[in-house]
Amino acid sequence: MAKFMDENFLLKNDVAVTLYHDYAREMPIIDYHCHLSPKEIYENKTFKNITDAWLSGDHYKWRVMRENGILEEYVTGDAPDYEKFLAWSRTVPMAIGNPLYNWTHLELQRFFGIYDILNEKSAPQIWEKTNELLGNGSFGARDLIVKSNVKVICTTDDPTDSLEYHALLKDESNFPVSVLPGFRPDKGLEMNRDTYLPWVEKLAESADRSIGNYDEFLEALESRVRFFHSLGGRVSDHAIDSMGFEQASKEEVEEIFAKRLSGDTVSLQDETKYKTYTLRFLGELYAELDWAMQFHINALRNNSSRMFKTIGPDTGFDSMNDEGIAKPLVQLLDSLDTNNKLPKTILYSLNPNDNYVIASMINSFQDGVTPGKIQHGTAWWFNDTKDGMLAQMKALSNVGLFSRFIGMLTDSRSFLSYTRHEYFRRIVCNLIGEWVEDGEVPEDIELLGSIVQGISYNNAKEYFQFQESEVNV
């Protein structure tokens, strides 16, 4: 029987052990999509206690705490931090089988050197030790990033953001990590939401120009893309919860935009026409600038209207959607590819039923020049479990090139989440090790080691082509 989470955790054969310890473990990290705060990174945020570092923004943990019968007061409410930590310590033993159980103990081990099992009995001692370390001056946000061997972080930023902290970080000579903006224009695509018209006004202000028609809107968007580019931005990200495609002329979209700008709502079909045209415009711009375009598809958000009214979005009340994506997604990609203006693209679906849809689709649009130009993105959100990661990687390997996969991202608001890369790499190494054990792959450690290092770091470095001044390796 294996020892709990020892040095060979998840590594079930000799090849996996060799691949992880000799090839994967020390590879740096490129976190090409996350929700960390550039302000907190610049200011090297310190944490008043382990609750602040662990629970203050982690909706993964919040969901299972509620499922364990923990009152909201001890989840996102006003209960004392120690009481919230005790509530989490009561939940962890019940989370066996959930990756949170392993992530929790990986974070305790790697950041704090604590190998005790977290439960209500051990909680007081763990509370004291973690808080002592957090208060010693070497556990700020930057310190945790550096300890994790991160080289590049791409944050998630609205087009109207000033990017002031990215600019300040770019001038930092004593922080060996590039913090680059990621362009997230969702508020400019959801035309019928109450936030749309105020956002257009804010876009005009940030772009320092008036927006009275659709051409001026596109000009303002382009100016912000180029501003992000000037600060090292090389990725966009789009939350496309419902994938649609409606062909329309420029004149039609101009009329739709004018109608909405006047304060009227528009039909779902007209909104889809607007989204399609605007996404194509942005896609062509990304291609010109050699950006990577990311689509996060099929999330069903804010399911509990009661809790949305109480504590707002991004608090753990979302789930997988099951809308069909194949035809409209192909139409959108093809509309860009037809004119040879399809950028590097990474496709994620929150529904694992879409794994083979995406894995089979991407090779319809490869260009024969850029390795893995169109990517099946890593298992996302509810899928970044052991089984979810394996399902995504097996689908990719069955119909494409697993060896060209750009690997893991953190997609987190927590500075302690970088151990998830270790979790991912162990699973990758074990999968390959199993292929060797089963006689499906030769025991060519040099070849397999290079593939592991590619998936861990090198493929992403080659794919995104961050400028040398932006990658402090």
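Which side chain of opposite charge is nearest to Glu271, and how far away is it? Before I answer, some housekeeping. This is a predicted model, where local features need pLDDT of at least 70, side-chain atom pairs count only at pLDDT 80 or more, and totals for chains, interfaces and linings use all residues. Residues are numbered from 1 along each chain as its sequence is written, and side-chain values use heavy atoms, with hydrogens and water left out.

Now the answer. The nearest side chain of opposite charge to Glu271 is Lys275, 4.4 Å away. For charge, Lys and Arg count as positive and Asp and Glu as negative, while His and the chain ends are not counted. A salt bridge needs a side-chain nitrogen of Lys or Arg within 4 Å of a carboxyl oxygen of Asp or Glu. Glu271 has no salt bridge, yet is buried. Buried means under 20% relative accessible area, exposed means over 50%, and partly exposed is in between, using a 1.4 Å probe and protein chains only.

Glu271 sits in helix 13, residues 268-289. Helices are DSSP runs of H or I with at least four residues, strands are runs of E with at least two, and both are numbered from the N terminus. Not counting residues up to four places away in sequence, Glu271 touches Leu189, Glu190, Met191, Asn192 and Val266. Contact here means heavy atoms within 4.5 Å.

Next, what helix 13 lies on. Helix 13 lies across strand 4, strand 5 (235-240) and strand 6, and runs at about 160 degrees to strand 5. Such angles run from 0 to 180 degrees between N-to-C directions, with axes fitted to C-alpha atoms, for helices over the stretch in contact. On this sheet, helix 19 (residues 445-464) also packs, touching strand 5, strand 6, strand 9 and strand 10, and its direction makes about 130 degrees with that of strand 9.

The sheet itself is open, with five strands in the order 4-5-6-9-10 and parallel pairing. Strand 4 (182-183) and strand 10 (374-376) are its edge strands, each pairing on one side only. Two strands pair if DSSP finds at least two bridges between them. Strand 6 (residues 292-297) and strand 9 (residues 344-349) have six bridges, in the parallel sense. Within that pair, Gln294 stands opposite Ile346 in strand 9.

There is another open sheet, of three strands in the order 1-2-3, with parallel pairing. Strand 1 (29-31) and strand 3 (178-180) each have a single partner strand, so one side of each is left without a neighbour in the sheet. Neighbouring strands of this sheet are turned by 10 degrees against each other on average, direction ignored. Strand 2 (residues 150-154) pairs with strand 3 over three bridges, and Cys154 has Leu180 in strand 3 as its bridge partner.

Leaving aside neighbours within four places in sequence, Phe217 is in contact with nearby side groups including Tyr196, Trp199, Phe257 and Tyr274.Helix 5 (residues 81-91) has eight of its eleven residues buried, so helix 5 is largely enclosed by the rest of the structure. Among the buried ones are Phe85, Leu86 and Trp88. Their cover includes helix 3 (50-54), helix 4 (59-67), helix 6 (99-112) and helix 7 (123-134).

Last, the charged pairs. The structure holds 24 salt bridges. One of them joins Glu422 and Arg110, at 2.8 Å from N to O. Glu422 lies in helix 18 and Arg110 in helix 6, so the pair ties together parts that are 312 residues apart in sequence. Glu422 counts as buried at 11% relative accessibility, whereas Arg110 is partly exposed at 35%.

Lys250 and Asp215 also meet in a salt bridge, at 2.7 Å from N to O. Lys250 is in helix 12 (residues 250-261) and Asp215 in helix 11 (residues 214-230), 35 residues apart. Salt bridges that share partners also join Glu40, Lys45 and Asp52 into one network.
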